[in-house]
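Subject: Structure for you to look at

Hello,

Here is the structure we spoke about, with the sequence alongside. My notes follow below it.

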Amino acid sequence: MDVGSILILTGLTVLIVAFIARPLAERRSRLVTAEEHALSGLQAERDKILAMIRETEMDHAMGKIPDGDFEAQRAALVAQGAALLRAIDAQGGAAPAPAAADDLDAAIEAAVASRRAPAVAGGAAGFCTTCGQALQGGDRFCARCGAPVPQEVQA
Ligand SMILES: [Zn+2]
């Protein structure tokens with residue numbers, strides 16, 4: 001075997017070792033962050049529930065959902081959100097003390113309210129009377145359907 005072949009073999013060996021070792025190293029770091037992934041997954045899920053609660057409220061406000069259905073749908077979503085908060089607590093993502101069910105419901109309600117508040121403070125000016133799109137202060141036309149925004153809504 002000449003020097004050239006040995007060099008090529010050595011180079012190939014290094015490449016193969018690197019190729020095999022890299023996924024192992026990545027897998028190890030994945031294990032370390034698996035809990036964090038689970039936590040951020042739960043948090044994303046909770047955010048989704050909060051968004052769905054808001055959507056349900058908007059649909060109800062627009063008359064798309066009858067009162068009875070709305071109460072049931074919203075209660076179900078709040079219960080789901082509370083269960084997620086409990087799971088997030090268990091993952092160490094929030095206060096370590098286990099919260100009572102009432103506290104979790106209150107926490108969800110507070111989270112929904114806090115999401116609603118910045119929209120109002122940030123100059124939201126109600127909803128399009130044609131399509132229900134949320135309007136920003138200063139909008140003269142609906143961003144979604146282009147309907148003109150009545151002046152009194154912009155106040
Ligand atoms: Zn519109």
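Helix 2 covers residues 67-90, and its length checks out: 24 residues at 1.5 Å a residue should span 34 Å, and the C-alpha atoms at its ends are 35 Å apart, so the two values agree. Bear in mind that this is a predicted model. Among the elements of the protein, helix 2 has the highest mean pLDDT, at 91. After the helix comes Gly 92, which has a positive phi, near 80°.

Which residues of helix 2 are buried? They are Leu 77, Gly 81, Ala 82, Leu 84, Leu 85 and Ile 88. Residues three or four places apart on an α-helix point the same way, because there are 3.6 residues a turn. You can follow that spacing along the buried positions when you turn the model.

Next, the core. The largest nonpolar core has 12 residues. Leu 77, Ala 82, Leu 84, Leu 85 and Ile 88 belong to this core, and helix 2 gives the most to it, with 5 residues.

Is Ala 107 buried or partly exposed? Ala 107 counts as partly exposed, because it has 19 C-beta neighbours inside 10 Å, and a buried residue needs 20 or more. The C-alpha atom of Ala 107 is 7.8 Å from that of Ala 82, although the two residues are 25 apart along the chain.

For the overall picture, the protein has 4 helices and 2 strands, in the order α-α-α-β-β-α from the N terminus. Of its 155 residues, 11% are buried. Where contacts join residues at least 6 apart in sequence, 38% of them link residues at least 24 apart.

Finally, confidence. The mean pLDDT of the protein is 80, with 78% of residues at 70 or more. Helix 4 (residues 151-154) has the lowest mean pLDDT among the elements, at 50. Over residues 118-122 the pLDDT stays under 50, and the model has 2 contacts beyond four places in sequence for that stretch. Where pLDDT is low, the predicted coordinates should not be read in detail.

Regards

How values were computed
Residues numbered from 1 in each chain as written. Predicted model: local features only at pLDDT ≥ 70, side-chain atom pairs only at ≥ 80, totals over all residues. Contact = placed C-beta atoms within 7 Å. Expected span 1.5 Å × (residues − 1). Core = buried A, V, L, I, M, F, W, Y, C linked by C-beta atoms within 7 Å. pLDDT = per-residue confidence, 0-100.
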